[in-house]
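Okay, everyone, thanks for coming.

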Amino acid sequence: MSSATKPGSEDDETDAPGPVLSPPPAPQSMQAYWTTRLAQMKNSAAAAKKHWAPQLQQLQSRITSTTSAASIAAKTSRERLRAKSMTEQLQPTIDRAKVGMNVLKRRVTHTSARVQRQMGKLGTRLANELFVDKKFRKIMQGDTLPTRFLQEASHDHIVYSMDVNPASLAETCFGIPFVLYSILSFAGCVPTIAQMAAVNVSIRQLVLAEPRLVRFCVRYGTFTPRLRLGFWLHVSGASSLQASSDFDYATYVCLAKSNHEWTDAIWVDVRRTYIRVAPHLRNGNPWHDAVDSDADIQEQMSNVLHALAGRFPEVGYCQGMDYITAHVLEHVKAADASYAHIHGETKHRVMVAQEETTFWLMASLFESYGLRDMFSPGLGKLHLHCYQFNRLFQLGLPTLYDHFHTETIMVEMYLVGWFQTLFLYLNALPKSSLDAIWDVFFFEKSWKVLFRVALAMLQASESHLLQQPIDHVMRFLNTFATHQHVLAATPLREAALRIKITNSMLTRLEKDHAAKQRRKPSPIY
């Protein structure tokens, strides 16, 4: 086929149907050309008129007949309406309209009440969120006075004494709240408070009347290893829990081991993570020399974890429990100064007693401190704490939060390890700092201290983290390699306690999280 006949070529256009127009004439014959064209157009119009004239006539006839029929129908309808009463004809329609209006009124009333309730809740929520946001930002930027109770006591000059005539000047001084509180605050020691409370009834009443005094000494004081264990056992209620239990420690161990459901998982984690959680490897730990073999400690940890699985079968075993168990066991061992000098059967009995004490402390952590929900299937409590911290992080440190968001660093990437092990996963944290955190946690029975410590560490490292990409940030949050001073006990404790996180804030965020979970669509299986 030649190029002149190929489909799609320019020559194909000559095959298209339509009038064939002659090329435009030369300029000198333009007038004659347009005269001819006008004549042709007149002829075409005349031919079209002749062709369509019959059809137009027929259409006009149909329109006329239709108009006549409509006029007749309208006339007939008017005559029928005159024959009947208008009220009788429209009564069914009026009745239906009344019923419809009543239904509409009820629906509008119910909808209005529901909208009013929703608007009221929305207004309350917005007001609460506005209050929480402003209050939290203010506290993050400000400072608080931990000894405010001393200022309040300085205005109270009443002498509390059981005797009308005090026996000595010392008794008079200790009967003045400001003097007593100042001395005990300066000592900063909970055991000293306990000893003073045992002197007489009046001092005991004064100590009990000011709970902020004990809280101050717990937050800023220190304990010896032996006294720390006794303090934990006392405030946690572990002894009462043991006394009210239906089964003893050995029974719980046997229940779990006979079931064999968690044995493999427990032993795998104990052996694999022991090198990381071994008590004598903690930074700043004064007990460098282990008096037990690794096998003995691993056996003790396994027994305690089995007992927990036996007491809390709905939880069983979850990673993170081994870290906390190892830390509690460490303090139980450190509290016994004579443990390193006993051997044989006596040592075996003491080791069993250590396991039992560790178990009941762990049981109290599960039942009174939220660890049961933390390790339950689904980890609902852990997700809640991540949501709460994410919101507090956004409010308290917005610049660093935006940087983390830009780098796609989610709080779960670092907070899960911190919270699920109560900061034991952070090996760079010195033992003195860790003990201070745990003392406050045990005493206050609140996760607020963990939120405060996490925010304080981020706040102290903010200038450094703002310059780092995601991989450097994650390595830093696991080691704090260039900022070890941030983790020191005194600066970390002071920075954390300056951050004011209230129970009302956490409760508000918990309700928000629950509402988001309800609005979340159910998975389709």
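Let's start with arginine 228, which makes a salt bridge with aspartate 435, their closest N and O atoms being 3.7 Å apart. By salt bridge I mean a side-chain nitrogen of Lys or Arg within 4 Å of a carboxyl oxygen of Asp or Glu. Arginine 228 sits in helix H9 (residues 225-236) and aspartate 435 in helix H20, so this pair links distant parts of the chain, 207 residues apart. Helices here are DSSP runs (H or I, at least four residues), numbered from the N terminus.

Quick caveats: this is a predicted model, so local features need pLDDT of at least 70 and side-chain atom pairs pLDDT 80 or more, while totals for chains, interfaces and linings use all residues. Residues are numbered from 1 along each chain as its sequence is written, and side-chain values use heavy atoms, with hydrogens and water left out.

Now, is arginine 228 buried or exposed? Buried, at 7% relative accessible area, and aspartate 435 is buried too, at 5%. The cut-offs are under 20% for buried, over 50% for exposed, and partly exposed in between, with a 1.4 Å probe and protein chains only. Those two also belong to a salt-bridge network with Glu330, Lys431 and Asp439.

Arginine 219 is in helix H8 (residues 211-220), 225 residues away from glutamate 444, and counts as buried at 14%.

And the total? The count comes to 11 salt bridges.

Methods:
Helices (H or I, at least four residues) and strands (E, at least two) are DSSP runs, numbered from the N terminus.
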